[in-house]
Amino acid sequence: MSSTLLEVTRASHEEVERLERLIVKDLQNEPANNKDRLFQSHRVRNMIENIIASTEKLVEVYEDRDNARKDEIAALGGQTATGTNVFSAFYDRLKEIREYHRRHPAARVVDANEDYEAMLKEEPVIEFTGEEAFGKYLDMHELYNQFNNLKFEKPIEYSTYLDIFSQPHNLPRKVKFTRQYRQYMENLLEYLFYFFQRTEPLQDLDRILSKVTTEFEEQWENGTVQGWEKNAQENGHVPADHTVIDLDFYSTVEELKEVGPEKLKEALAALGLKSGGTIQQRAERLFLTKHTPLEKLDKKHFVKGSCASEPNGGAVNSKEVVNSKEIALMETKMNKLCDLLDETIVRTKENIVKKQALTYDEMEAEREEEETQADTESDDEEQQIYNPLKLPMGWDGKPIPYWLYKLHGLGQELKCEICGNYSYWGRRAFERHFKEWRHQHGMRCLGIPNTKNFNEITSIEEAQELWKRIQARQGVNKWRPDLEEEYEDKEGNIYNKKTYTDLQRQGLI
């Protein structure tokens, strides 16, 4: 019965409308916890994808490139090659319907609502590692190992890596031009992209990153991309950051020699140039790169196998400089994803620090407690929690006692303008927030160090005024040679530098 094109079109429209109503119905239910929220979001995402697929099918039908729809409509109107016969078309259609029911006498009307309602109870399969705790934390141990293999001076701790992985602009430029760094950045971007899709399936990440790419292109043309500001010469010259030594500060080879043989050797090695010889030869060889592109230098200056014209050589060549745009774009996208996952990153740091402070027995006890809580979670969710005073929820998912609520002053709202007018409930949370990331970020934006002097200050104006007073006070305590440097004349009289200079100028001394 659904073999005709018009019937397929009608069924597709019906499916789209049913799915739209299901989405509205599903979103009207408030999830009880993070797990239910993820299930709901992925259900809605799947239904949206089904709507898109049905809509694309409808667009293809309405475009009617093969004129099948037009011919079918004409046939229903009785239009044939010999003329128009409405009754003939009607009886042919009636005969087709009767023949169908004769062949399928047990056919019955299927209630599609039952199948669609079952979708609201579906629990989609979402792949998370044990460390990710169903999207609560990040699992970046593999990326951490890759980062440590980038040949830095010394390995760092995992907790330290979580603090700095979102700040690629602080890494040495020469490290970014290695294949290992490129592979690391691709893996990091892929992981964050995949994690965000699993935890926020309703976000249009492609549209967000497309906007980031557009903004990046403009910033790249202006040379304002963070960590990739224009400090290079034109026509393929290598930026000063790549040579370890900024050659713009040296006008002659003699001046460059003052850097020392080790620094010169390091700079030459970074460019793939020969690093042997006397200090004079090293300085002359490096000074050549100030006004001459690497690809135009004589091959005798390069280490064998690392000529500037070889794309896989060890030197920073013009092709790699072109690829720096791709690396910078990946870093920009990664920064945007880190902004979107900011709360998850902070939660991950806190969890790692907490685990480092626990013993093995405490970790096992906590794991057993989480498993027990997960077993009883579904039973507790079915019971409606009576909370008329709207008290905060405790660790067990139930309202805390009212006496504890009053003891900690959780009914007192304290706002901080430096944190973007963020509200802190209770004195304890308010005092603790001065050392947390949100307040520290606000102080950095104001250009003020977050020291104890600024505790209890939440107003931007007050913080700026106090910083000015501190700077003025520090200025008074500075060494002032004109007033504090002492001079003695022939008669043994003591003067400060200013007075002595004035008397000497007047010929009185």
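Reader: Let's start with Glu132. Is Glu132 buried or exposed?
Author: Glu132 is buried. Its relative accessible area is 1%, and buried means under 20%. Keep in mind that this is a predicted model.
Reader: Which residue does Glu132 form a salt bridge with?
Author: Arg198. The closest N and O atoms of Glu132 and Arg198 are 3.0 Å apart.
Reader: What about Arg37? Which partner does Arg37 have?
Author: Arg37 forms a salt bridge with Glu200. Their closest N and O atoms are 3.8 Å apart. This pair also links distant parts of the chain, 163 residues apart. Arg37 is in helix α2, and Glu200 is in the loop between α8 and α9 (205-222).
Reader: How accessible are Arg37 and Glu200?
Author: Arg37 is partly exposed, at 28% relative accessibility. Glu200 is partly exposed too, at 30%.
Reader: Why is Arg102 called exposed, but Glu99 partly exposed?
Author: Exposed means over 50% relative accessible area. Arg102 has 57%, so Arg102 is exposed. Glu99 has 31%, so Glu99 is partly exposed.
Reader: Which residues are linked in a network of salt bridges?
Author: Glu7, Arg10, Glu14 and Arg18.
Reader: New topic: cavities. How many are there?
Author: The structure holds 2 cavities of 30 Å³ or more.
Reader: How does one look for empty space anyway?
Author: Rolling a probe the size of a water molecule over the atoms shows where empty space is left.
Reader: OK. What lines the second largest cavity?
Author: The lining is made of Phe147, Ile164, Phe165, Pro168, Leu171, Tyr181, Tyr184 and Met185. Helix α8 (residues 179-199) gives the most to this lining, with 3 residues.
Reader: Tell me about Met185. Where is Met185?
Author: Met185 is in helix α8. Met185 is buried, as its relative accessible area is 1%. The C-alpha atoms of Met185 and Met334 are separated by 8.4 Å. Along the chain, Met185 and Met334 are 149 residues apart.
Reader: Now the surface. Which residues form a nonpolar patch there?
Author: Leu27, Ile48, Ile52 and Leu202. Together they have about 320 Å² of accessible area. Take Ile48 as an example: Ile48 is found in helix α2 (residues 34-63).
Reader: Next, the backbone. What is phi of Asn421?
Author: Phi of Asn421 is near 60°. That is a positive value in a residue other than glycine. Asn421 is in the loop between β3 (413-416) and β4 (422-425). Asn421 is partly exposed, with a relative accessible area of 49%.
Reader: And what about Glu456?
Author: Glu456 has a positive phi of about 75°, although Glu456 is not a glycine. Glu456 is found in the loop between α18 (437-446) and α19 (460-476). With a relative accessible area of 41%, Glu456 is partly exposed.
Reader: Last one: what does UniProt list for residues 414-445?
Author: The unreviewed UniProt entry lists "domain: Matrin-type" for residues 414-445. In the model, that span is 47% helix and 22% strand. Its end C-alpha atoms lie 21 Å apart.

Key. Residues are numbered from 1 along each chain as its sequence is written. This is a predicted model: local features need pLDDT of at least 70, side-chain atom pairs count only at pLDDT 80 or more; totals for chains, interfaces and linings use all residues. Side-chain values use heavy atoms; hydrogens and water are left out. Patches are made of residues with over 30% relative accessible area and no salt bridge: like charges are joined within 9 Å, nonpolar side chains (Val, Leu, Ile, Met, Phe, Trp, Tyr) within 5 Å. Accessible areas come from the Shrake-Rupley method with a 1.4 Å probe; for residues, only the protein chains shown count as cover. A salt bridge is a side-chain nitrogen of Lys or Arg within 4 Å of a carboxyl oxygen of Asp or Glu. Helices (H or I, at least four residues) and strands (E, at least two) are DSSP runs, numbered from the N terminus. UniProt positions are given in the numbering used here, feature names are shortened, and annotations may be inferred rather than shown by experiment. On a 1 Å grid over the protein atoms alone, a cavity is a set of points where a 1.4 Å probe fits but cannot get out, and a pocket is an open set with protein on both sides within 12 Å along at least five of seven lines; lining residues have an atom within 4 Å of a point. Grid points are joined across faces, edges and corners, and a volume is the space filled by probe spheres set on the points. Buried means under 20% relative accessible area, exposed over 50%, partly exposed in between (1.4 Å probe, protein chains only).
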